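Colleague: Could you walk me through how the pieces of this one pack together? I'd like to see it first.

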Amino acid sequence: MSDIFAFDGALEAGYAQPAPLLSDAEAIAGIPESLRRKSLPRWPRASEPELVRHFTWLSRRNFGIDTGFYPLGSCTMKHNPRVNEKIVQLAGMNDIHPLASESHLQGLMAIFYEMQEMLAHCAGMDSVTLQPVAGAQGEFAAIRCIQEFHRSKGETNRDKVIVPDSAHGTNPASAAMCGYQIIEIPSQEDGRLDLDALRAVVGDDTAAMMVTNPSTLGIFEPEIAEAAEIVHDAGGQMYYDGANFNAILGKTSPGLMGFDAVHYNLHKTFSQPHGGGGPGSGPIGVKSHLAEYLPKPVVARHEDEGGLDGWSYVWEDPANSIGKVQQWHGNSGAVVRAWAFYRRYGRDLEKMSEHAVLNANYLRHRILNPDADVKAKIPAMPVDGAPAKVVKHEFTLSMSPVKDATGVSGKDVAKRLLDYGYMAPTLYFPMIVPECLMVEPTETESKEVLDKFAEDFLTILTEDPELVKTAPHTTDVSRVDEVWAARNLVLRHSLGE
């Protein structure tokens, strides 16, 4: 123990590194002069109790779904069942090596295979790869599959991808990374797709159209099949952004709508924890005509000599495959957590969609239709970002009337919500809604939580505008100057040399 922990009679000595394998002279000799430090790094030193207190203190300054209500629109921040964590920490899941022989990985590979089959079934696709580790990477991989499909047919003239103006920002970014030109089409006044605008831009240079349904406005596109027909008649492909898949699971599918490729956000629809940069999982599913372009590996099922089921990796890339997009089999832990969620609920996952839609519509009604005595105290009310009788899993509010009447912006209300113990909704997205707040309550919140949030939201609209415009007041960090922070990035620790 003494060669690992060196206390030197005082706790503040903290942790000491084991003796190096090379002498200082040998180690330095292999480092170019230009890369050598001129002085030793000033690493902080702390005892174990001090370190535990430090990280516990940091955790109390952070906000997460385990801390309180997190209505971050389009991000689906919902409760992650703890049984998923128990399962993913089993030795057969957690303590394996990716280079272990397939005979030692049969349990995990059976889960991978089952997830491929389940995801293909619920989205109306024919083949699935679990390799991408984020929604944006899934978008990129799927668009690359579409790109190779067109190239294999000699249609190199197809260099344009169509996206609605309500699309997630990753859609045009992913297509641009593949070298495509982005064609944006406007939405109608009700927020839905404008088919006339689509017809005006589609042509023999169209590679694909990227759509999420329901859209970021929370509105289902009833004419999506006709949109798919317009794109297909021109020889293009339809790509489904699965960010909002949790609103339709069990009710319909991208395949029924006419889509050729889809990505799934396991870290949203199927409860894998996310936030803070990961970990995520963004598998993609495709129709049969795109299957040969998928990245590998995928898991195949077979019978061994004794007639028992077995599973193996299919690594061989056909000539048209886009190749690997991630190491090994992607984020296997995320896949296992999502599998545990799916296995726990099975066909009852349809209720997830129903409750997500119910909660969104209930909270929307509670905010936009307050009691008369409450409304009388509010100088101005927000309005629907996209008028619709019923929304799906999320809704948008335009705070423009509030800003015009009191000077309080959507950003001000978002900051003030932090004082009430909530994470703020998504702010200023989608950009087609002025002073936008996008709210997604998810299916895991109770009616009591939604009622309290609506009451607090409306209370903020009655408060002194100066109080709201200078919020937050109770958080560890007060309102920051985002413009200054963006122009004066601090990218290195102050103790470094």
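**Sheet and helix packing**

Modeller: Strand 2 (residues 160-164) and strand 3 run parallel, with five bridges joining them. Strands here are DSSP E runs of at least two residues, helices are H or I runs of at least four, and both are numbered from the N terminus. It's a predicted model, where local features need pLDDT of at least 70 and side-chain atom pairs pLDDT 80 or more, while totals for chains, interfaces and linings use all residues. Residues count from 1 along each chain as its sequence is written, and side-chain values use heavy atoms, leaving out hydrogens and water.

Colleague: Which residue does Pro164 stand opposite in strand 3?

Modeller: Strands pair if DSSP finds at least two bridges between them, and five join strand 2 to strand 3. Opposite Pro164 stands Ile185.

Colleague: Are helix 6 and helix 7 parallel or oblique to each other?

Modeller: The axes of helix 6 (residues 135-152) and helix 7 (residues 170-177) come within 9 Å and cross at roughly 45 degrees. Axes are lines fitted to C-alpha atoms, for helices over the stretch in contact (heavy atoms within 4.5 Å), and angles run from 0 to 180 degrees between N-to-C directions. Under 35 degrees is roughly parallel, over 145 roughly antiparallel, 65 to 115 roughly perpendicular and the rest oblique. Helix 6 and helix 7 are therefore oblique.
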